[in-house]
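I opened this entry to record what I looked up in the model, beginning with the core and ending with the confidence values.

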Amino acid sequence: MTYITRWEPFRELGNLQNQMNRLIQDFGRGSNDELMTTGFVPPVDVYEDEHSLTLTLEIPGLDEKDIDIRLENNQLTVRGERRFESEQKEENFHRIERRYGSFSRSFTLPNTVSTDDVKANYVNGVLKIQLPKRAEAKPKQIKVEIGKTQPTLEAKKEKAAA
């Protein structure tokens, strides 16, 4: 036996809206533990000049012992962890917007970089990594002389024979 049901499109739309509201509320209810354990991605600037390639990462609140920099097969990897300061009780916070947890950033380096003399400096929450270029990769300027002709190979031989 078949039952006939009256279709009410606005009631269905109201049900959909209620489901979406519950989904958004459940997403926003994440605990502080979830917020603190999700990693963060520190912003980075990459700058290149004729002598080196420089990476600058903003990672405030870390000790230098919490930063790990590795260079392997033209892959530079910077890892670290920013820990939540447990001196204050979590329930006393009104907002926690800063990200805590571990991070990892990897960069593929060009073949022009010399991996022998890499320098890293961490001051005021900014990590600066300088990667010098190889000597053969640095641009060379060639002086152009005007009005002089280059001696030919035959002229050089005649001058050497004389």
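Entry 1, the core. I took a nonpolar core to be a set of buried Ala, Val, Leu, Ile, Met, Phe, Trp, Tyr and Cys residues joined through side-chain atoms within 4.5 Å. The coordinates examined are those of a predicted model. I found 17 residues in the largest nonpolar core. The members that touch the most others are Leu 55, Leu 57, Leu 76, Val 78, Leu 127, Ile 129 and Leu 131. I then noted which strands contribute: β2 (52–58), β4, β5 and β7 (126–132) each supply at least two residues of this core.

I looked up the surroundings of Leu 76, leaving aside residues up to four places away in sequence. Its contacts include the nonpolar residues Leu 55, Ile 69, Leu 71, Phe 107, Leu 109, Ile 129 and Leu 131. Arg 70, Arg 105 and Ser 106 also touch Leu 76.

I counted 3 helices and 7 strands in the protein chain. Along the sequence, I read their pattern as α-α-β-β-β-β-β-β-β-α. Of the 162 residues in the chain, 20% are buried.

In what order do the strands of the open sheet of 3 strands lie? I recorded β3-β4-β5, with antiparallel pairing. Its edge strands are β3 (67–72) and β5 (101–108), each of which pairs on one side only. On average, neighbouring strands here are turned by 15° against each other, with direction ignored. I followed the pairing of β3 with β4 (residues 75–82), where 6 bridges join the antiparallel strands. Within this pairing, Ile 69 has Val 78 of β4 as its bridge partner.

I found a second open sheet, with 4 strands in the order β1-β2-β7-β6 and antiparallel pairing. Here β1 (44–48) and β6 are the edge strands, each pairing on one side only. Neighbouring strands of this sheet are turned by 15° against each other on average, direction ignored. At one side of the sheet, β1 and β2 pair in the antiparallel sense over 5 bridges. The bridge partner of Asp 45 is Thr 56 in β2.

I then turned to β6 (residues 119–123), which pairs with β7 in the antiparallel sense over 5 bridges. Asn 121 has Lys 128 of β7 as its bridge partner. Which residue of the hairpin of β6 and β7 takes a positive phi? I identified Asn 124, with a phi near 50°, in a hairpin with 2 residues between the strands.

I noted a mean pLDDT of 79 for the chain, with 76% of its residues at 70 or more. Where is confidence lowest, and where is it highest? The lowest mean, 43, belongs to helix α2 (residues 32–37), and the highest, 95, to β7. Over residues 31–37 pLDDT stays under 50, and for this stretch I recorded 11 contacts beyond four places in sequence.

Technical notes. Residues numbered from 1 in each chain as written. Predicted model: local features only at pLDDT ≥ 70, side-chain atom pairs only at ≥ 80, totals over all residues. Heavy atoms only, no water. Pairing = 2+ DSSP bridges. Axes fitted to C-alpha atoms, helices over the stretch in contact; angles between N-to-C directions. Buried < 20%, exposed > 50% of the residue type's maximum accessible area, 1.4 Å probe, protein only. Contact = heavy atoms within 4.5 Å. pLDDT = per-residue confidence, 0-100.
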